[in-house]
Amino acid sequence: MIIKKLLIANRGEIVSRIIRTCRDLGIGSVAVYSEADRNSAFLKQADETYFIGPANPIKSYLNIDVLIEAGKKSGADAVHPGYGFLSENASFAEAVTSAGMTWVGPSAKVLKAVESKCYCRNIAEKVGVPVNPGTLDPVKGFDEIAEFARKHGYPIFLKLDRGGGGKGIEMIEDDHRIKEVFERISRIGHIAFNSSDCYIEKMLSRPRHIEVQFIGDRDGHYVCLGERECSIQRRHQKIIEESPSPVVTEGERQMIFDYTLRLASAMGYHGAGTMEFLRSEHGVYYFMEVNARLQVEHPVTELITGIDIVKNQLLIASGAQLAFTQEQVQRRGHVIEARVYAEDPLSFHPSPGIIRALRIPLDLDHIRIDHALAENETVPPFYDPLLAKTVAWGWTRPEAVNRLCLALQRFNIEGLKTTIPTNFFILKSRDFAEGHFNTGFVKEMFGDIR
Amino acid sequence: MEASINAHMPGLVARVVVAEGTRITVGQEVAVINCMKNELSVLSQYNGVVKKILVKEWDEMQVDHPMIIVEVN
């Protein structure tokens with residue numbers, strides 16, 4: 001291993017997660033913190049910690065200059081960006097490399113390119129992977145949107161070319177709203193993503209979100225580590241993820257693995273990543289986008305394959321070749337993950353605060369809980385509401401679901417509202433148990449939420 | 001009479017959508033707070049005119065932090 005000391009440019013549970021692998025590999029760990037995280041539990045596991053500024057993420061976790069400065073001061077020789085924040089930011093990747101440190105992730109060039117969803121749609125078209133019907137390039141004005149709708153019918157989605165994190169997706173149901181939606185989404189794009197470009201996608205009826213985790217080295221060897229079913233979402237953000245998907249057949253699996261390999265090699269991608277697909281109710285798969293980073297739900301794949309994805313990210317960043325082949329990847333049993341958010345369990349309204357009492361069921365078999373929680377810990381209002389990920393393994397889906405329910409039952413967080421009851425409610429529902437669901441599941445169960 | 005519209009949630013000011021001198025009514029959105037990456041509207045409880053705006057984009061809000069002073073009708 002070339003990396004000796006790793007700076008983790010993130011906060012919360014993912015910092016703890018990455019440090020665990022650092023310890024396995026004998027790599028030193030450097031954590032950074034904002035004013036709001038001065039006493040946060042994730043710092044206690046790091047070998048060194050550096051203060052990077054005010055609570056406002058623009059001035060701390062999204063501030064490239066102070067992060068590079070912390071890297072230099074600490075003598076870190078590599079940077080892991082985690083997920084969210086600057087994890088898919090080409091300028092950050094470039095700054096890390098220019099400062100003489102190793103970037104743990106795909107190259108800045110790849111990041112720059114795949115940031116554009118239209119670029120990805122064009123690549124897919126070129127290598128024969130179906131994309132959701134719509135435009136391959138940004139639309140020029142609302143006339144083009146109206147014309148598309150006349151030809152293909154409503155509802156349609158207008159999506160920002162550089163949107164992300166569930167932001168920059170708007171549905172249009174009739175001609176009257178085109179102008180209003182087009183102007184609003186362009187404004188959001190301009191402010192939040194520095195680009196007002198948007199494109200059209202036809203809305204699929206009752207789709208499922210299926211994604212493929214893959215990893216590739218600099219020499220162009222790729223392996224797929226299996227699919228994850230992530231259809232249980234609210235506000236286009238995932239709540240429950242599992243592998244294998246209850247609907248993906250072996251034939252479909254081989255097909256989406258093939259799509260993934262074609263896309264990744266056409267992009268010149270190295271490192272870990274995820275290709276996201278929508279599966280229509282008729283079993284047709286459409287490529288949606290690539291997540292060019294470690295994903296929140298990566299533990300699902302780690303539990304089912306026994307492969308440490310973070311470890312492999314670090315090895316590949318160090319220039320090593322993949323240490324295993326596709327044939328050596330064994331997927332065993334069933335894994336399901338429930339995300340615990342600091343939110344009202346019914347309205348999904350945010351609920352920051354102080355954790356007054358805490359019980360984490362770490363003594364259960366086949367349960368993994370990724371978190372950075374502690375009693376009297378403040379959950380600040382400035383960042384993502386994710387508190388913990390509860391992941392269960394079983395030989396069968398019902399076994400994994402039962403174990404997950406037991407873990408959630410024994411999970412106790414007092415002082416703020418959490419989505420533990422929401423998870424329970426979903427996992428115990430008949431439709432979920434039978435595998436009958438699509439991306440509209442949460443909306444159907446809990447009503448329209450913002 | 002003067003009254004203040006206060007933050008109902010902690011977080012960061014995402015934007016103020018009225019200007020000093022704007023006439024506002026009960027229930028109107030006057031500002032937006034970003035709490036845990038969620039945008040939440042701050043609504044006026046008063047009919048009146050915006051007299052002074054006390055906050056700007058990215059300011060940190062605690063619950064009950066005054067945001068806007070209103071000259072109430």
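The structure is a predicted model, in which local features need pLDDT of at least 70 and side-chain atom pairs count only at pLDDT 80 or more, while totals for chains, interfaces and linings use all residues. Residues are numbered from 1 along each chain as its sequence is written, and chains are lettered from A and ligands numbered from 1 in the order in which they are written.

Helix H8(A) comprises 18 residues, 250-267, and its first and last C-alpha atoms are 26 Å apart, close to the 26 Å expected at 1.5 Å a residue; the expected span is 1.5 Å times one less than the number of residues. Within H8(A), Ile256(A), Phe257(A), Tyr259(A), Thr260(A), Leu263(A), Ala264(A) and Met267(A) are buried. These residues cover an arc of only 160° around the axis and therefore lie on the same side of H8(A), the arc being that of the directions from the helix axis to the C-beta atoms. Glu250(A), Gly251(A) and Gln254(A), on the other side of H8(A), are exposed. A residue is classed as buried if 20 or more other C-beta atoms lie within 10 Å of its own, exposed if 12 or fewer, and partly exposed in between, with C-beta atoms placed from the backbone. The cover over the buried residues of H8(A) includes helices H4 (108-114) and H5 (117-126) and strands S9 (208-216), S10 (222-234), S12 (271-279) and S13 (285-291) of chain A.

Helix H1(A), residues 13-25, should span 18 Å at 1.5 Å a residue, and the 19 Å between its end C-alpha atoms agrees with this. Its buried residues include Ile14(A), Val15(A), Ile18(A), Ile19(A) and Cys22(A). The elements against which the buried residues of H1(A) pack include helix H10 (309-317) and strand S19 (386-394) of chain A. Gly26(A), which follows H1(A), has a positive phi near 70°.

In chain B, 4 strands form an open antiparallel sheet in the order S1-S8-S6-S3, where pairing requires at least two DSSP bridges between two strands. Strands S1 (2-6) and S3 (23-24) of chain B are the edge strands, each pairing on one side only. Antiparallel strands S6 (48-53) and S8 (66-72) of chain B are joined by 5 bridges, and Lys52(B) stands opposite Ile69(B) in S8(B).

Between the chains, 11 residues of chain A are in contact with 9 residues of chain B, contact meaning C-beta atoms, placed from the backbone, within 7 Å.

How values were computed
Contact = placed C-beta atoms within 7 Å. Helix = DSSP H or I, 4+ residues; strand = E, 2+ residues; numbered from the N terminus.
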